[in-house]
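Thank you all for coming.

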Amino acid sequence: MRVLAWLVEGTWPACVDAVRAHAPDDSEVVLLHVSGPEVPGVAHGAFAGLLGRGHPRGHRPAGDWGSDPGDRLEALGGASAAALLDAAAERLGRPCTRQERSGRVEREVVAAAEGAGLLVLARDGDRSRLGPKSLGPAVRFAVDHAPCPVLLVWPEPAPDLTTIPPPPPHHHP
Amino acid sequence: MAVPAAGLVVATGALPLDHARAEAERLGPVVGFLAAVLVLAHFCDVEGLFQACGAWMARRAAGRPVRLLTAVFALASAITAVLSLDATIVLLTPVVFATAARTGVRPKPHVYACTHLSNTASLLLPVSNLTNLLAFAASGLSFTRFAALMALPWVVAIGAEYLVFRRFFARDLAAAAPADRDTGGAPELPLFALVTVGCTLAGFVVASVFGVEPAWVAAAGALVLAGRALARRRASPLTVVRAAAPAFLAFVLALGVVVRAVVDNGLADLLGHVVPDGTGLSALLGTAALAAVLANVINNLPAVLVLLPLAAPAGPGAVLAVLLGVNIGPNLTYAGSLATLLWRRIVHQHEHGVDLGEFTRLGLIAVPSSLAVAVVALWGSLQVF
């Protein structure tokens with residue numbers, strides 16, 4: 001069985017711990033990180049907005065006024081994803097495969113989960129109370145569309161049951 | 001592209017040669033000032049100022065996203081104000097991203113903050129933004145009076161952005177990094193660069209008292225830093241010239257000539273009916289809103305060139321209201337204006353897959369709120385100073 005753990009900055013240790021606790025010893029573990037295009041894209045856009053500074057042809061050295069900071073962010077992003085996967089593999093402490101993908105994050109996760117026996121992911125929404133808002137749009141999409149069983153974990157201890165709002169008043173027809 | 005266009009408008013007689021020359025002479029000192037600020041910022045980077053910024057942010061935040069956001073706001077505001085918005089976009093943004101990534105914090109809110117603050121925090125000083133340099137030359141204000149009038153709008157606009165960011169990115173900011181991530185060593189302060197920049201700022205104030213052009217002060221500061229880099233063989237004369245971005249300076253001059261031709265051939269009459277008269281609060285709000293819209297349709301640079309001659313007769317208040325609009329407004333559109341965006345889409349230079357919906361939603365909340373409080377603050381400052 002293949003166990004896929006989707007790791008995101010800030011919440012990944014909980015996913016690694018869940019794999020350690022729940023994945024069978026004979027399963028193949030894949031650690032996945034997906035880089036979205038929007039953060040470098042924002043820097044590309046800000047640079048494009050500096051009318052007249054851009055040199056569309058050829059790349060300039062970093063720090064030159066003609067160098068697009070978005071390119072630098074893409075390079076830095078690759079290095080940081082590798083560092084995150086390294087730290088996760090160390091925390092896991094058993095053989096695993098590292099997978100880096102880039103693209104629309106939630107769709108890449110679903111595509112990577114094809115044929116997996118288990119997808120492990122962490123809640124990415126408002127985690128101050130139990131409820132549907134504890135899932136952000138990306139995790140919501142992955143949970144709704146996953147082609148395999150899903151293990152959804154809290155990145156930190158779950159809030160207690162009192163955070164559930166009282167049930168709506170009973171209506172008599 | 002702008003340089004041949006400028007040649008064309010002069011060659012076809014759309015703009016008489018002496019008008020073109022007058023425009024170039026008017027813009028000459030502005031372009032010189034800009035070149036000095038770009039050189040100053042470039043050699044601050046060479047001295048390690050931005051690396052030190054990264055180290056300071058990492059230690060200050062210690063993996064806590066909200067603290068990192070606060071540090072990014074403080075640094076991006078200061079760097080934009082003193083070393084211009086170019087420095088924040090080209091030099092600080094990669095450092096902020098690297099800092100977030102290294103300390104395990106989600107980078108999105110912090111990178112967005114850099115792009116927004118490069119616009120919003122560029123209100124304070126004439127050197128913060130090329131639009132300010134253009135308006136400063138047209139307004140007849142002294143350096144210190146400009147800064148005094150813009151200080152309150154600058155503070156409240158940044159404050160409004162901060163509140164919007166805390167709410168808009170609440171989810172990303174709630175994901176704290178694992179505690180054991182490396183936050184790096186103590187930053188090594190580039191003292192020489194800091195002292196030079198500090199002296200340059202003080203020089204602006206002194207020069208303004210004695211009626212000396214502040215561009216000379218900026219040039220002196222740039223020469224000190226560039227001279228030191230040359231002496232230590234960290235730069236060649238060629239890198240100094242490239243740090244001044246000569247192609248961009250030529251572009252600014254040419255753009256001025258082209259815009260002058262468009263304004264003289266009918267746009268002035270057209271917009272003259274729309275620009276509000278007077279410097280009451282409602283007139284200032286109207287002027288700023290018009291400037292913000294125009295900055296989003298074309299770009300803030302042509303927008304300010306078009307609007308300045310129309311606003312200048314109403315006095316410095318109207319000129320500064322134009323600045324609030326053209327500086328804060330571009331946060332509404334990815335790539336600063338529809339014109340840039342369309343042009344880039346058409347030539348298919350980049351397919352970045354930015355979530356335009358999210359970007360625009362943030363702009364739709366942040367721009368009107370920060371612009372409105374900034375205009376009210378400007379109106380208040382005009383009553384006091």
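In chain B the average pLDDT is 88, and 94% of the residues score at least 70. Of the elements in that chain, helix H8 of chain B, residues 143–168, has the highest mean pLDDT, at 96, whereas helix H17 of chain B, residues 338–347, has the lowest, at 62. Where pLDDT is low, the predicted coordinates should not be read in detail.

Turning to the fold of chain B, we find 18 helices and 0 strands. Its radius of gyration is 21 Å, close to the 21 Å that the globule rule gives for 385 residues, so chain B is as compact as a globular protein of that length. The C-alpha trace of chain B spans about 65 × 50 × 50 Å along its principal axes, and 56% of the 385 residues in chain B are buried. If we take the contacts in chain B between residues at least 6 apart in sequence, 82% of them join residues at least 24 apart.

Finally, let us look at Gly77(A), which sits in helix H3 of chain A, residues 69–92. Why is Gly77(A) classed as buried? Gly77(A) has 21 other C-beta atoms within 10 Å, and the cut-off for buried is 20 or more. Leaving aside residues up to four places away in sequence, Gly77(A) touches Ser35(A), Pro40(A) and, in chain B, Ala101(B). Ser35(A) is 42 residues away from Gly77(A) along the chain, yet their C-alpha atoms are separated by 7.4 Å.

Note on methods
Residues are numbered from 1 along each chain as its sequence is written. Chains are lettered from A and ligands numbered from 1 in the order in which they are written. This is a predicted model: local features need pLDDT of at least 70, side-chain atom pairs count only at pLDDT 80 or more; totals for chains, interfaces and linings use all residues. pLDDT is the predictor's confidence in each residue, from 0 to 100. Helices (H or I, at least four residues) and strands (E, at least two) are DSSP runs, numbered from the N terminus. A residue is buried if 20 or more other C-beta atoms lie within 10 Å of its own, exposed if 12 or fewer, and partly exposed in between; C-beta atoms are placed from the backbone. Two residues are in contact if their C-beta atoms, placed from the backbone, lie within 7 Å. The radius of gyration is taken over C-alpha atoms; the globule rule is 2.2 Å times the number of residues to the power 0.38.
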